[in-house]
Amino acid sequence: MSTTLLALETLIAKELGYAGGTPTAGATTTVTDTSSDSPFSTGDSSQLFQNAWVRIESDSAGTPRNVGDIRRITTYTPSNQQVTHDAFDYTNATTMTYGVHMGLPPTRVGLDKGLLEYINEVLRNTMYRNKLLLTLVTDGDMETSGVTNWTDATSGGTVAKSTATGITLGKQSLAITAGAANGYARTANIDVTSGQRYHVAVDVMCAGTEAQLGATLEVYDATNSASVGTVSSGAHARSQRYLWLNFTVPSTCSNIQVRLRGDTASGTNYWDNLSLRQLNNKEANLPSWFVNPHWAEELYYWGGGTTASSGSDRAADERTYTRMNWWRIVQDHTGLTPYKIQYSPDPPPGSHLFLECIRPYDEMSALTGTTDADQDLIKSWVLARVYADRDKKELAQRWLLEAQLLHRRHHPVVRRRIQLGEPF
């Protein structure tokens, strides 16, 4: 279950001293909250919130103001239920929500280390199990946020990520609605060598009326403006399909594109796991986040199941998984990425190639950013670090013990494997 950075920071801040709400009035230098659930009470001490930090957490106005900005509170006036702070750029308004952090700021302020740094330190050192698609296509697994890596080449079409439909692995698919028959979205140009053999495969599900169904995978020679090959979903397009083809790079071709086409206008196709790899290469770069060979667990391939209309259109929900006979991780100190994987023999035609591994959670920056990390685990590790830094040993030990207990429940254990007698 995903949680936002704002929710995670608030959860942790409540253990250190936190109050929040919606202003009932304000200026650039004040937040006033006289609502029935206000954390500001007329019976408070005027010292309660002094020197704390106030942050505007959200703004529902058409043009959001001050969101994410932090200011130091200089004065608390309980009788007015109001805090005074260093000036924001814009007036605080009733469309906003605010949070007051008493223990430490949500992000670094001068020499004061913020919650965000602690959270990202923990995320970088907390692991989860991941299936990594080995492909030459940037965002081939469709897991990158947004569609920057996909070009909509059809007037009136739409390209977006879906978190609900057509997902065969991970959390997202690429939803493409063509603006016209045979409309498509495509990858950027991919460097290739003429005469080389490549394999391309993709998962797809079609949605719409019967007349709108149909999806086509196309390899396009971007150098010579010509199609290299296509394969279509056939009569069973509404089910989860698996399309693939092998092709030889044409003479004089130095760049190709992979195009994900809709056969008709207005139908929406959901694409996932776009594989592209050179045949007989037996080597692939691993991403820059992969910095430890012990993170690798198993290499395996999978392909479609029962043939629907041709040898290269298959039912994705009948796929089978097979471990590779031999593989190893090698370090390349001079390469673009620090590690590569070598394997033998080639997977059979019509297959995705995946490395099962563990990896660290991504850092977060935007308040609306999300993570799948267990929020209680992250909270415990952060508080253990915070109290250790403040030399509060008993509190540090209390949160450390809870973190270790949750760690044993959630942290994946690396599954060791044997590689032809070589030590792991």
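Modeller: Let's start with a term: two residues are in contact when they have heavy atoms within 4.5 Å of each other. Keep in mind that this is a predicted model. Of the contacts in the protein chain with a separation of 6 or more, 74% are between residues 24 or more positions apart. The protein chain has four helices and 29 strands, and buried residues make up 48% of its 424 residues. Its C-alpha atoms fill a box of roughly 80 × 55 × 35 Å along the principal axes.

Now to the helices you asked about. Helix 1 covers residues 5-16 and helix 3 covers residues 375-389; their axes come within 10 Å and cross at roughly 45 degrees. Because of that angle, helix 1 counts as oblique to helix 3. The crossing of the pair is right-handed. On the helix 1 side, the contact is made by Leu8, Leu11, Ile12, Glu15 and Leu16. Helix 3 answers with Gln375, Asp376, Ile378, Lys379, Val382, Leu383, Val386 and Tyr387. Sort the residues of this contact by class and you get nine nonpolar, one polar and three charged.

Helix 2 is mostly covered, with eight of its 10 residues buried. Those eight are Leu115, Leu116, Tyr118, Ile119, Asn120, Glu121, Val122 and Leu123.

For the rest of the chain, look at the largest nonpolar core, which has 30 residues. Val200, Leu217, Phe247, Leu260, Trp271 and Leu274 have the most contacts inside it. The elements giving two or more residues to this core are strand 12 (173-177), strand 15 (197-207), strand 16 (215-221), strand 18 (241-248), strand 19 (255-262) and strand 20 (268-278). Strand 15 supplies the largest share, five residues.

Leaving aside neighbours within four places in sequence, Leu260 is in contact with residues including Met142, Trp150, Leu174, Ile176, Tyr184, Leu217, Trp271 and Leu274.

Methods
Residues numbered from 1 in each chain as written. Predicted model: local features only at pLDDT ≥ 70, side-chain atom pairs only at ≥ 80, totals over all residues. Heavy atoms only, no water. Core = buried A, V, L, I, M, F, W, Y, C linked by side-chain atoms within 4.5 Å. Buried < 20%, exposed > 50% of the residue type's maximum accessible area, 1.4 Å probe, protein only. Axes fitted to C-alpha atoms, helices over the stretch in contact; angles between N-to-C directions. Parallel < 35°, antiparallel > 145°, perpendicular 65-115°, else oblique. Left-handed = near helix turned anticlockwise from the far one by under 90°. Nonpolar A, V, L, I, M, F, W, Y, C, P; charged D, E, K, R; others polar.
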